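Hi everyone, thanks for making time for this one. I'd like to walk you through a model, so let me put it on the screen.

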Amino acid sequence: MFAGAMLIALLAVVILLIVRLSIGIMTRAAAQMNIFSVGFPIAILLGFLVVLFFVLPVLQPRMLQL
């Protein structure tokens with residue numbers, strides 16, 4: 001069960017990690033801008049979109065397989 005749950009959550013975690021890394025690079029490039037105040041809502045929005053478009057279609061076959 002744990003391995004199945006990790007496979008389901010892995011896609012969302014990897015995409016959110018890439019979003020956080022890109023926000024960190026933007027912060028280093030434009031230090032005078034307050035990227036973190038914009039980055040948190042962007043991460044939340046992309047988290048919802050990742051779950052809706054990428055994780056939900058994969059969820060049903062994985063659950064049936066488990």
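Before anything else, a word on terms: when I say helix, I mean a DSSP run of H or I with at least four residues, and helices are numbered from the N terminus. Please also keep in mind that this is a predicted model.

So, what do we have? The protein contains two helices and zero strands. Helix 2 covers residues 35-65, and helix 1 covers residues 2-29.

Let's look at the overall shape. Along the principal axes, the C-alpha atoms occupy a box of roughly 50 × 20 × 10 Å. The radius of gyration is 15 Å, whereas a compact globule of 66 residues would come in near 11 Å. How much of the protein is buried? Buried residues account for 20% of the 66 residues. As for the surface, the accessible area is about 5300 Å², and 79% of that belongs to carbon and sulfur atoms.

Now to helix 1. With 28 residues, helix 1 spans 39 Å from its first C-alpha to its last, close to the 40 Å expected at 1.5 Å a residue. Where is the kink in helix 1 centred? On Ala9, with a bend of about 40 degrees. And which residues of helix 1 are buried? Those are Gly4, Ile8, Ala12, Val19, Ile23 and Thr27.

Ala5 sits in helix 1, and its C-alpha lies 22 Å from that of Val19, 14 residues away along the chain.

Is Leu7 buried or partly exposed? Its relative accessible area is 47%, and therefore Leu7 is partly exposed. Leu7 and Arg62 are 55 residues apart in sequence, yet their C-alpha atoms are 8.5 Å apart in space.

Then there is Ser22, again in helix 1. Ser22 is partly exposed because its relative accessible area is 35%. From Ser22 to Gly39 there are 17 residues in sequence and 9.6 Å in space, C-alpha to C-alpha.

Last stop: the nonpolar surface patch. Which helix gives the largest share of the patch? Helix 2 does, with ten residues.

How values were computed: Residues numbered from 1 in each chain as written. Predicted model: local features only at pLDDT ≥ 70, side-chain atom pairs only at ≥ 80, totals over all residues. Heavy atoms only, no water. Expected span 1.5 Å × (residues − 1). Bend = angle between axes of the 7 residues up to and from the residue. Buried < 20%, exposed > 50% of the residue type's maximum accessible area, 1.4 Å probe, protein only. Rg over C-alpha atoms; globule rule 2.2 N^0.38 Å. Areas by Shrake-Rupley, 256 points an atom, 1.4 Å probe, with all protein chains shown as cover.
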